[in-house]
Amino acid sequence: MPRVDVDLKLDFKDVLVRPKRSSLKSRSEVDLQRTITFRNSKQTYTGIPIIAANMDTTGTFEMAQVLSKHALFIAMHKHYSVEEWKKFAVNFPECLEHMAASSGSGKADLEKLCSILEAVPQIKYICLDVANGYSEHFVEFVKTVRGKFPTHTIMAGNVVTGEMVEELILSGADIIKVGIGPGSVCTTRIKTGVGYPQLSAVIECADSAHGLKGHIISDGGCSCPGDVAKAFGAGADFVMLGGMFAGHDQCAGEVIEKNGKKMKLFYGMSSDTAMKKYVGGVAEYRASEGRTVEVPYRGDVENTVRDILGGLRSTCTYVGAAKLKELSRRTTFIRVTQQSSHMFS
C-alpha cells in the first residue's frame with residue numbers, strides 16, 4: 001500500500017533565520033574556516049567548506065586556481081584526462097590540497113580514477129557521484145573504492161534520507177552528498193516525481209551523519225548567499241554550488257552574445273547537452289534529467305566568492321556565531337510565506 005508521510009518538509013525558500021543577541025562587533029571577527037577530521041580516512045581538513053560542483057562547466061582547473069586562493073574546495077569534473085591532471089599538478093601544486101577527483105560507478109570510471117590518483121598522489125579526496133545513491137550496486141562500489149584507497153577521503157551520493165546516509169558511511173564514505181532534484185538545472189523531480197525539499201533533507205541527514213561521526217554536503221538548491229547560510233545553519237558541513245558558480249570566466253564554454261547581452265551555457269550532467277558531448281546522446285531506455293540554460297555572463301568568479309563569503313559572515317554576526325562551526329547551534333528557523341519584497345525585481 002502506498003503511504004503518505006504527512007510531516008512537513010521545507011525548502012530554503014520556506015524559512016528565514018531569526019536574529020539573536022551577539023557580542024560580535026563586526027563581520028570581520030567571524031572565522032569561516034573549519035577543521036574537520038573524517039571518520040573513515042582519518043584525514044584532517046582545514047578550509048572554508050564551500051565546494052564548486054563537479055559539473056563540466058564549473059568543476060574546472062581554472063576555477064580551482066581562484067577557489068584555492070580563498071581556501072574553498074572544488075570537486076573536479078570527471079572528463080579531464082590523466083595527462084591534463086598531470087600537467088595541472090606540475091603547474092599548480094598548491095591547488096591540489098582542496099581538490100577532489102570525481103568518478104561515476106562504472107568499471108571504466110574506476111579504472112580512470114585509479115590512473116589519476118596514481119599519477120597525482122597529492123590528491124587526497126574522491127567524489128563518487130551518481131544521480132541515485134540508493135542502489136545496492138553503488139553501496140558495493142563505495143566499499144570497493146574504500147578498499148583500494150584506505151586513507152583517501154571519500155565523498156559519496158546523492159541521497160536524501162538518514163538511513164541511506166548511515167549505510168554509505170558504514171560502507172566507507174566520509175562525507176555524504178545530500179540532494180535529489182534541488183539543483184538549478186536538474187529536472188529529476190519533473191521527469192520522475194522523486195525528490196525531497198532540501199532544507200529538511202539537510203537537517204535529517206546531518207543528524208544521521210553526525211551520530212556516526214560522519215559528515216554531509218548540501219548539494220543543490222542554493223540560489224543566493226542567504227541559502228548557503230541556511231544550509232550551514234541546517235547542519236551541513238559542506239555546501240556544494242553549481243548554478244551560483246556558473247557564467248564566470250573560469251567556467252568552461254565560450255561567451256555568446258544574444259540580443260546585445262553576453263551569456264554562457266550551463267547544463268546539468270544528465271542533460272541532452274552533456275549526454276551528446278560525452279556518450280553520443282541520451283540512451284533510449286532513459287530520459288534526460290537536466291536542462292541546458294544560458295546564464296548571464298558574470299565576469300571573474302572572485303567577485304562572486306567575495307559576495308558569498310561576505311553574506312555568510314554577516315549571517316554569523318546576526319546570530320552571534322564567531323565561527324562557522326557554531327552557526328548551526330545558533331540557528332533558529334522561522335517559517336515564512338515570502339522571502340523578500342519583489343517590488344523592483
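**Exercise 1. Determine whether the radius of gyration of the chain agrees with that of a compact globule.**

Solution. The model is a predicted one. The chain holds 345 residues, and for that length a compact globule would have a radius of gyration near 20 Å. The rule behind this value is 2.2 Å times the number of residues to the power 0.38. The chain itself has 19 Å, which agrees with the expectation. As a further description of its dimensions, the C-alpha trace spans about 55 × 55 × 50 Å along the principal axes.

**Exercise 2. Describe the secondary structure, burial and contacts of the chain as a whole.**

Solution. Begin with the elements: ten helices and 15 strands are present. Next, consider burial, for which the cut-off is under 20% relative accessible area. By that criterion, 52% of the 345 residues are buried. Then turn to the contacts between residues at least 6 apart in sequence: 67% of these join residues at least 24 apart. Finally, the accessible surface amounts to about 16400 Å², and carbon and sulfur atoms account for 51% of that area.

**Exercise 3. Locate the two residues that UniProt lists under "active site", and classify C186 and T188 by their accessibility.**

Solution. The UniProt entry, which is unreviewed, lists C186 and T188 under this heading. First, place each residue. C186 lies in the loop that connects β9 (175–178) with α6 (188–192), whereas T188 belongs to helix α6.

Second, apply the cut-offs: buried is under 20%, exposed is over 50%, and partly exposed lies in between. The relative accessible area of C186 is 23%, so C186 is partly exposed. T188 has a relative accessibility of 12% and therefore counts as buried.

Third, examine the contacts, leaving aside neighbours within four places in sequence. C186 touches G181, E289 and R291. T188 is in contact with I180, G181, G193, V194 and E289.

**Exercise 4. Explain why helix α8 is described as largely enclosed by the rest of the structure.**

Solution. Helix α8 covers residues 225–233, which are nine in number. Inspect the burial of each: P225, D227, V228, A229, K230, A231, F232 and G233 are buried. To complete the picture, examine what comes after the helix: α8 is followed by G235, which has a positive phi, near 115°.

How values were computed: Residues numbered from 1 in each chain as written. Predicted model: local features only at pLDDT ≥ 70, side-chain atom pairs only at ≥ 80, totals over all residues. Heavy atoms only, no water. Helix = DSSP H or I, 4+ residues; strand = E, 2+ residues; numbered from the N terminus. Buried < 20%, exposed > 50% of the residue type's maximum accessible area, 1.4 Å probe, protein only. Contact = heavy atoms within 4.5 Å. Areas by Shrake-Rupley, 256 points an atom, 1.4 Å probe, with all protein chains shown as cover. UniProt positions renumbered as here; feature names shortened; annotations may be inferred.
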